[in-house]
Amino acid sequence: EPAALAERLTHFRADSIVRDAEWIRRALGVESWSVLGQSFGGMCVVSYLSLAPEGLREALITGGLPPLGPRIDDVYRATYERIVERCRRFYARYPADRARVRALVERLEAEDVRLPSGDRLTSRRLRQAGNLLGMSDGAEHLHYLLELPPDSPAFLHDAERVMEFSRDPIYAVLHEACWADGGATRWAAQRVLPEAYGEEPELLTGEHVFPWMFEDVGALAPLRDAAELLAEREWPRLYDPDRLAANEVP
């Protein structure tokens, strides 16, 4: 049932991961250990420094530094500023791709184009290809995708893989919850979507999760009701500012 599933999914955030790690450390009889946090792992490290710094010998963070407090809207406003800038840079490098994306969006809004999974390729799902621009070689991969004939199996296969959730649906369900240091997220990425996205169909989105994905993506459809419950959930704090300020872990 959605309520039971949502309750189970509340136990997969950084605070639970830290408590699991501490259980393992004590079970192994290790006095303290080093942790390395990359991306979401960096957020887990900050939770570790808040909840159990006594278990850490040193902490290394290579990305994923979170803001403190219930500032989910600030997070997503910042990500939109970044992805809009990346889009502008991408089209300056590959100017012909602007027209390609506009044509694809227009076609997908008028026609029923199906992906290999059977899902419909909607224009909003296509615009998630901007997620590629978060990687150092993402502009090249996006350009190669847009160069493919739009009716070809190669294009449809690659377009589906850009934001693919059938293997890891938990990514979509808990993405915003991972940022919630208190408060409710209430589909922050959807709420703070800039007006420019309604005016410029070639603007792409990045690492954002939207409620419509639980309709457009067949693998996520069974989780839609649980995702709605999690979006309205009041989350506990993940970080302790006072303990972080007094941190002595190098």
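Buried means under 20% relative accessible area, exposed means over 50%, and partly exposed is what falls in between, with a 1.4 Å probe and protein chains only. I started with glutamate 232, which is partly exposed at a relative accessible area of 48%.

**Ground rules**

I am working from a predicted model, where local features need pLDDT of at least 70, side-chain atom pairs count only at pLDDT 80 or more, and totals for chains, interfaces and linings use all residues. Residues are numbered from 1 along each chain as its sequence is written, and side-chain values use heavy atoms, with hydrogens and water left out.

I placed glutamate 232 in the loop between helix 13 (224-231) and helix 14 (241-245); helices (H or I, at least four residues) and strands (E, at least two) are DSSP runs, numbered from the N terminus. Which residues does glutamate 232 touch, not counting those up to four places away in sequence? I found Ala184 and Arg186, where contact means heavy atoms within 4.5 Å. Glutamate 232 and arginine 186 are 46 residues apart in sequence, yet their C-alpha atoms are 5.4 Å apart.

Then I looked up arginine 186 itself. It sits in the loop between helix 9 (169-174) and helix 10 (188-191), and is partly exposed at 39% relative accessibility.

Buried or exposed? Threonine 185 is buried, with a relative accessible area of 3%. Beyond four places in sequence, I have threonine 185 touching Ile72, Glu176, Ala177, Ala180, Arg191 and Ala231.

I found it in the loop between strand 1 (33-37) and helix 3 (40-51). Serine 39 counts as partly exposed because its relative accessibility is 41%.

I counted a pocket as follows: on a 1 Å grid over the protein atoms alone, it is an open set of points where a 1.4 Å probe fits, with protein on both sides within 12 Å along at least five of seven lines, and lining residues have an atom within 4 Å of a point. The largest pocket holds about 1200 Å³ of space; grid points are joined across faces, edges and corners, and the volume is the space filled by probe spheres set on the points. The lining has 31 residues, and Ser39, Tyr171, His175, Trp179 and Glu207 lie nearest the centre. Which helix gives the most to this lining? Helix 4 does, with six residues. Helix 3, helix 4 (72-93) and helix 9 each supply at least two.

**Entry: Met43**

Methionine 43 is in helix 3 and is buried at 4% relative accessibility. Leaving aside neighbours within four places in sequence, I listed its contacts as Ala14, Gly64, Pro66, Cys178, Trp179 and Tyr239.

**Entry: salt bridges**

How many salt bridges does the structure hold? I got 23, a salt bridge being a side-chain nitrogen of Lys or Arg within 4 Å of a carboxyl oxygen of Asp or Glu.

I checked aspartate 181 with arginine 237, where the closest N and O atoms are 2.9 Å apart. This pair links distant parts of the chain, 56 residues apart: aspartate 181 is in the loop between helix 9 and helix 10, and arginine 237 is in the loop between helix 13 and helix 14. Aspartate 181 is buried at 0%, whereas arginine 237 is partly exposed at 41%.

Next came glutamate 215 and arginine 124, with closest N and O atoms 3.9 Å apart. Glutamate 215 lies in helix 12 (residues 213-216) and arginine 124 in helix 6 (residues 123-126), so the bridge ties together parts 91 residues apart in sequence. Glutamate 215 is exposed at 52%, and arginine 124 is partly exposed at 35%.

Inside helix 2, I found arginine 19 and aspartate 15 four residues apart, about one turn of the helix. Their side chains meet in a salt bridge of 3.9 Å, N to O. Aspartate 15 is buried at 9%, while arginine 19 is partly exposed at 49%. I also noted Glu22, Arg25 and Arg26, linked in a network of salt bridges.
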